[in-house]
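Please examine the protein chain shown below before reading the report.

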Amino acid sequence: MSALTEKDRPIVQLLLATGTCPRCVLRFCSVGSQMLYRHPHKALMQDLQEFLQSSEEEEGTASLDVADPPCKRIRLEHGEGGADDVTHNGATPQPPADGNAAPESSPAKVCNVCLGVLQEFCEADFVKKVCQKVNSADYQFTSFVFSVSLPPQLSVRERAAWLGVKQQIRNLGLPMAKDDIVQLKEAYKWIIHPQLSEELGVPADGKSLFEVSVVFAHPETDEECHFLATACPDCFKPAKNKQSVFTRMAVIKALEKIKDEDFLKHFPCPPSSPKNLCDALEIQCNNGAVFVAGRYNKYSRNLPQTPWIIDGERKLESSVEELISEHLMAEFKADSFNFSSSGREDVDVRTLGNGRPFAIELVNPRRIRFTAQEMKRLQQAINDSSDKIQVRDLQLVTRSAIGRMKEGEEEKTKTYSALIWTDKAIQREDIAFLDDIKELKLDQKTPLRVLHRRPLAVRCRLIHTMKSEYIDEHHFRLHLKTQAGTYIKEFVHGDFGRTKPNIGSLLNRTADILELDVESVDVDWPPSLAD
């Protein structure tokens with residue numbers, strides 16, 4: 001049972017007298033009733049005024065009783081000792097002369113603690129503005145999570161108001177029973193969630209992937225945090241992706257360190273009433289990422305897996321990644337994407353057989369629901385758009401499932417077909433012995449061709465099996481099953497002795513590779529789909 005009692009009277013008295021809104025008064029009295037915060041501003045003000053005017057001898061509680069679950073709190077005390085009973089200018093905060101008189105509050109007056117967040121921004125007009133933004137963005141969603149970003153100076157004002165409350169209670173010789181309040185964000189969500197749910201027609205859900213966020217700012221009081229940088233310089237360090245060092249977390253950290261008496265030297269207690277409300281700088285929507293997986297075949301020897309750009313200059317007009325993603329981006333209406341795959345092939349290497357597993361993360365998609373038939377039509381659209389690639393088993397997957405693809409990248413085997421040239425003439429019997437070699441161990445120093453993007457190291461790899469296919473005196477085809485991560489081209493020509501042994505050293509002649517195909521990537525993911 002959450003209620004106002006006689007011990008709350010001086011808190012209500014002081015806060016209303018110094019320009020605090022009714023909902024913030026409830027917060028400072030640790031009222032945990034969600035329903036109370038949803039009452040209209042005028043009704044709450046009237047209830048508080050009636051509470052103050054009621055007889056002090058009257059037992060029981062005011063008519064603010066509502067049963068509700070316990071609320072979340074934010075601790076404002078950081079030590080055993082309290083502040084001296086003085087403000088920044090040496091005065092003690094005083095209630096009105098008449099101990100029980102309720103001050104008249106103008107509806108236009110901006111709260112000196114929440115800066116209007118629990119006033120105008122709880123009204124139906126603002127809720128409709130948020131919902132119009134959501135609906136115009138054209139997202140698919142079945143629930144939502146609401147987040148709010150508040151100006152960091154609100155924490156400073158909250159501290160100042162609470163110090164005033166502590167001083168007043170001590171002056172009256174009353175016991176200090178509470179040292180926590182209901183979080184502003186929590187109270188705001190209690191008020192906003194039901195209104196948003198009703199307007200959007202879907203429930204609020206803390207686990208929802210669709211986020212509606214509001215960013216508040218209050219330029220008039222932006223500099224109120226700055227004194228903390230002098231008092232606690234260690235708390236304010238520049239960060240690469242932060243425009244200001246005065247972040248909410250940095251301010252909270254500094255407020256935990258600064259002593260009450262030092263705080264009061266720099267900031268008014270109680271905080272002064274601002275002239276203007278907060279600004280709702282941004283109303284944003286964001287859908288959680290959607291993941292699409294499949295397998296691709298690559299039939300061109302002039303197509304990179306990802307865009308080939310060197311020193312800002314594009315070398316080839318397209319890539320596997322782009323041929324697939326452009327269709328997915330259009331259908332899912334996403335902001336951007338991230339492409340990953342189980343290994344990669346060189347630009348001049350084909351990928352045949354059942355293809356190479358890939359996954360694409362679609363960031364902030366507007367559309368998220370696709371039937372199996374729609375995914376099949378999307379797959380067909382990709383395949384009809386180019387003769388350089390084909391896609392199969394296109395499906396929606398979870399983020400965690402993608403881990404199976406990356407796990408198999410180094411653990412599984414791969415099968416290749418290589419067309420090889422030799423400088424000296426060969427006969428069938430010259431290459432027949434290759435078929436008998438099993439589990440051949442290689443030492444491969446990082447190839448010269450990738451040394452600019454890979455660290456120098458010697459990697460041990462296995463050639464599990466080989467099968468030769470004689471073509472003519474200078475050409476033969478070699479089918480290989482290898483450990484994932486083996487550099488096949490270097491195994492053929494030796495890379496100036498950086499891969500040992502190699503086909504050239506095994507045949508005792510110069511060998512080079514003319515063509516290479518990936519025949520299979522033995523990763524059993526994603527699941528095969530029926531045609």
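This report describes the chain as a whole, then its strands, its nonpolar cores and its salt bridges.

## Overview

The structure is a predicted model. Its chain contains 531 residues, and buried residues account for 49% of them. In secondary structure, the chain has 16 helices and 17 strands.

The accessible surface of the chain amounts to about 25,900 Å², and carbon and sulfur atoms supply 48% of that area.

## Strand β4 and its partners

Strand β4 spans residues 210–217 and is mostly covered, with six of its eight residues buried. Strand β4 pairs with β2 (residues 145–149) in the parallel sense, over five bridges. Within this pairing, Phe146 stands opposite Val212 in β4.

Strand β4 also pairs with strand β5 (residues 279–287), here in the antiparallel sense and over eight bridges. In that pairing, Ala217 has Asp279 of β5 as its bridge partner.

## The nonpolar cores

Which residues have the most contacts inside the largest nonpolar core? They are Val12, Phe28, Leu118, Phe146, Tyr188 and Phe216, in a core of 62 residues. Helix α7 (residues 184–200) contributes the largest share of this core, namely eight residues. Apart from this core lies another one of 35 residues, which includes Phe291, Ile402, Ala418 and Ile503.

Tyr188 gives a detailed view of the packing. When residues up to four places away in sequence are not counted, Tyr188 touches Val117, Leu118, Phe121, Cys122, Phe126, Phe146, Val148 and Phe216. Among these neighbours, Leu118, Phe146 and Phe216 are also listed with the residues that have the most contacts inside the core.

## Salt bridges of helix α6

The structure holds 22 salt bridges. One of them joins Arg157 and Glu224, whose closest N and O atoms are 2.9 Å apart. Arg157 belongs to helix α6 (residues 153–171) and Glu224 to the loop between β4 and α8 (227–231), so this pair ties together parts that are 67 residues apart in sequence. Are the two partners buried or exposed? Arg157 is buried, because its relative accessible area is 1%, and the cut-off for a buried residue is under 20%. Glu224, at 17% relative accessibility, also counts as buried.

A second salt bridge is formed by the side chains of Arg159 and Asp260, at 2.8 Å from N to O. Arg159 lies in helix α6 and Asp260 in helix α10 (residues 260–266), so the pair ties together parts that are 101 residues apart in sequence. Both of these residues, Arg159 and Asp260, are buried.

## Further salt bridges

The side chains of Arg399 and Glu361 meet in another salt bridge, with an N to O distance of 3.7 Å. This pair links distant parts of the chain, since Arg399 is in helix α13 (residues 399–411) and Glu361 is in strand β10 (residues 350–363), 38 residues apart. Arg399 has a relative accessibility of 55% and therefore counts as exposed, the cut-off being over 50%.

Salt bridges may also share partners. Asp346, Asp348, Arg449, Lys489 and Glu490 are joined in this way into one network.

Notes
Residues numbered from 1 in each chain as written. Predicted model: local features only at pLDDT ≥ 70, side-chain atom pairs only at ≥ 80, totals over all residues. Heavy atoms only, no water. Buried < 20%, exposed > 50% of the residue type's maximum accessible area, 1.4 Å probe, protein only. Helix = DSSP H or I, 4+ residues; strand = E, 2+ residues; numbered from the N terminus. Pairing = 2+ DSSP bridges. Core = buried A, V, L, I, M, F, W, Y, C linked by side-chain atoms within 4.5 Å. Contact = heavy atoms within 4.5 Å. Salt bridge = Lys/Arg side-chain N within 4 Å of Asp/Glu carboxyl O. Areas by Shrake-Rupley, 256 points an atom, 1.4 Å probe, with all protein chains shown as cover.
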